Amino acid sequence: MSDIGVPWDGDVNETVIEEWRAETSPFDRVKEVLLATTTPQYAGAIAERARVSEPSARKHLQTLAEAGLAEREATGRGTRYKRSRETVAMGRIRELHAELTKAELVDGIRDLKEKIETYREEYGVMDPNDLALELEADDGEGWTAISRWRALEENLKIAQAALSLYDFDPDGEHGDETARSDDTDTSRGAFAGETGDLSA
């Protein structure tokens with residue numbers, strides 16, 4: 001007799017987790033959980049999500065912190081961990097480099113610079129920190145502008161770093177400088193097509 005149409009009474013989440021445990025090492029699971037952690041967490045919480053013991057999680061988190069992938073925060077109850085700002089930034093740089101052509105990055109950088117210049121002209125200051133010194137605490141519009149301005153500057157740094165990867169030559173062999181400096185290049189970046197861990 002066929003089982004088609006008979007509802008499955010198992011736990012889908014537990015089945016997926018068991019498959020994840022079978023296919024990964026404890027270190028890989030701790031790393032994966034860490035990279036999805038945006039707020040500081042104790043090793044015990046990360047261990048529970050990664051399905052490892054707390055001592056194992058703590059050991060792997062210390063390794064990840066030493067490698068620059070995790071940030072540590074000491075508290076009265078112990079140490080909390082979260083992914084590092086550098087890890088997030090490198091992930092964004094790598095994604096942009098993989099997804100956008102050199103010409104698209106150049107256009108994006110130009111657009112970001114124009115938007116930043118608009119804020120400078122509108123408020124008569126060179127950067128958002130200068131504007132913050134002039135604002136009253138209840139100036140909601142001004143503080144919103146500061147937040148957006150800072151986001152534009154951060155995005156500009158990320159985009160410029162992604163663009164610089166087009167000219168990065170780890171072997172020191174410069175090749176054709178004319179081809180390398182062509183902003184109309186429509187080829188994809190070196191990371192295009194890669195779907196692996198951004199921090200690997």
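Rings of Phe, Tyr and Trp (its six-membered ring) pair if their centres lie within 6.5 Å; planes under 30 degrees apart count as stacked, over 60 as edge-to-face and the rest as tilted. The model is predicted: local features need pLDDT of at least 70, side-chain atom pairs count only at pLDDT 80 or more, and totals for chains, interfaces and linings use all residues. Residues are numbered from 1 along each chain as its sequence is written, and side-chain values use heavy atoms, with hydrogens and water left out.

**Exercise 1.** Determine how many aromatic pairs the structure holds, and describe them.

Step 1. There are two aromatic pairs in the structure. In one of them, tyrosine 119 and tyrosine 123 are stacked, with 6.5 Å centre to centre and 15° between the planes.

Step 2. Both tyrosines belong to helix α6 (residues 102–123), four residues apart, about one turn of the helix; helices are DSSP runs of H or I, at least four residues, numbered from the N terminus.

Step 3. Tyrosine 119 also pairs with tryptophan 149: the ring centres are 5.6 Å apart and the planes at 10°, so this pair is stacked. Tryptophan 149 lies in helix α8, 30 residues from tyrosine 119, and the pair thus links distant parts of the chain.

Step 4. Tyr119, Tyr123 and Trp149 form one aromatic cluster.

**Exercise 2.** Classify tryptophan 149 as buried or exposed.

Step 1. Buried means under 20% relative accessible area, exposed over 50%, partly exposed in between (1.4 Å probe, protein chains only).

Step 2. Tryptophan 149 is buried because its relative accessibility is 0%. Tyrosine 119, at 15%, is buried, whereas tyrosine 123 is partly exposed at 23%.

Methods:
Helix = DSSP H or I, 4+ residues; strand = E, 2+ residues; numbered from the N terminus.
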